[in-house]
Amino acid sequence: MQRLVLVGGGYGNVRVMNHLFSDGLPNDVEVILIDREPYHCMKTEYYALAAGTISDKEVRVSFPNHPQLKIVNAEVTKINLAEKKVELKDADDVSYDTLVVGLGCEDKYHGVPGAPEHTLSIQSIRKVRHTAQELHCMPSGSTVSIVGGGLSGIEVASELCESRKDLNIRLYDRGERILSTFPERVSHYIQEWFENNGVTVINKSNITKVEPGYLYNNDEANATNAVIWTAGIQAHHLVQELDIEKGAGGRAIVTEHHYLPDHPEVFMVGDCAYYDQAPSAQLSEAQGDQIYKVLKARWNDQPEPKLEPIKLKGMVGSLGKKKGFAEFMGKPLTGRVARLLKSGILWMYRYHNG
Ligand SMILES: Cc1cc2nc3c(=O)[nH]c(=O)nc-3n(C[C@H](O)[C@H](O)[C@H](O)COP(=O)(O)OP(=O)(O)OC[C@H]3O[C@@H](n4cnc5c(N)ncnc54)[C@H](O)[C@@H]3O)c2cc1C
């Protein structure tokens, strides 16, 4: 029996499992999925969970059920490449013949003093629950500062503004205009939405320090009751701890077939892997598709398949429950249509993942 171990049941490894259990898995392969959570969590919806506009249950999806799959619900503490095993907290090590690492990412604080200790996070389900709890309990009139005007910062700010109209929400963005990688028309639409809905956007900001009760922008103290950090991510610390070559954000450099150059038995998927595109759930899934093709070729003693560079359809974001923005198939979209597109993508994801 060969053992395929999947570490982290996020978008990348869920996609790998979808293929394994529907397209084909040899009888002599045992699959072990290890995750600290007992279900797959839809991270793309964490902004709504943080804001309290959806329930916890709405971001959970059951892991697949298959006679050749064993699920280990435990915290991974180390990936031991030399001994080909995964070490767990309070559980036995799990050895592997083939490993797919999909542990996702963590906040990157860019060395800003006080940021790790004094900011709220939306990067894991447990941290989002804590963030939500803090936000729900804030007295009326409190100020909530969101650092980072990228997709997730915008989604958190807009959703929170619909959920808690009694809060002062401030969004600190580094760029001259919000979401500067998107077409200007989209940035203006988002800016206008924020103005109309009472969210203050502070452009050209540079957060230099965080203290309890204060956020320092360009060294100037701004009073605040809570700070949510959405200003950067990096690969999971267990990947950063590996003695391997890494790219930006501590992501593992992989071959075009998604495995470590010196460890062809170890694949990296999603936010853990370095790729020439920004990390996203969409990219993780596309990598999962390709990893399955490589595994299948290996099991059939075939040469490595030719893999095309991954092309994504675009990015879609929400502005509360009714409006949205997108750059989809090369076209900018704003308003109700973009929001419907986002809801449709989520619906399809839920439909295909039970
Ligand atoms: C608010 C927000 C909105 C987003 N919106 C979009 C969007 O609209 N479109 C898009 O494409 N992307 C979006 N993203 C990005 C997307 O969510 C990530 O790129 C994607 O989740 C990465 O998938 P992954 O497979 O790498 O791992 P993840 O989906 O992050 O899963 C990692 C898994 O590893 C597990 N894990 C972590 N550490 C351990 C450990 N030590 N032991 C055991 N298990 C562990 C976790 O429980 C989790 O199940 C958004 C992100 C955020 C935060």
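Q: What makes Trp347, Met348 and Tyr351 a nonpolar surface patch?
A: Patch residues have over 30% relative accessible area and no salt bridge, and nonpolar side chains (Val, Leu, Ile, Met, Phe, Trp, Tyr) are joined within 5 Å. A salt bridge puts a side-chain nitrogen of Lys or Arg within 4 Å of a carboxyl oxygen of Asp or Glu. In this predicted model, Trp347, Met348 and Tyr351 make such a patch of about 400 Å². Areas come from the Shrake-Rupley method with a 1.4 Å probe, with only the protein chains shown as cover.

Q: Why is Trp347 called exposed?
A: Exposed means over 50% relative accessible area; buried means under 20%, and partly exposed lies in between. Trp347 has 53%, so Trp347 counts as exposed. Trp347 sits in helix α9 (residues 336-352).

Q: What makes a set of residues a nonpolar core?
A: The members are buried Ala, Val, Leu, Ile, Met, Phe, Trp, Tyr and Cys residues, joined through side-chain atoms within 4.5 Å. The largest such core has 39 residues. Those touching the most other members include Ile154, Ile190 and Phe325. Helix α2 gives the largest share, 6 residues. A second, separate core of 29 residues includes Leu4, Leu6, Leu20 and Val61.

Q: Which residues is Ile190 in contact with, leaving aside neighbours within four places in sequence?
A: Contact means heavy atoms within 4.5 Å. Ile190 meets this with Ile154, Ile178, Leu179, Leu319 and Phe325.

Residues are numbered from 1 along each chain as its sequence is written. Local features need pLDDT of at least 70, side-chain atom pairs count only at pLDDT 80 or more, totals for chains, interfaces and linings use all residues, and side-chain values use heavy atoms, without hydrogens and water.

Methods: Patches are made of residues with over 30% relative accessible area and no salt bridge: like charges are joined within 9 Å, nonpolar side chains (Val, Leu, Ile, Met, Phe, Trp, Tyr) within 5 Å. Helices (H or I, at least four residues) and strands (E, at least two) are DSSP runs, numbered from the N terminus. Buried means under 20% relative accessible area, exposed over 50%, partly exposed in between (1.4 Å probe, protein chains only).
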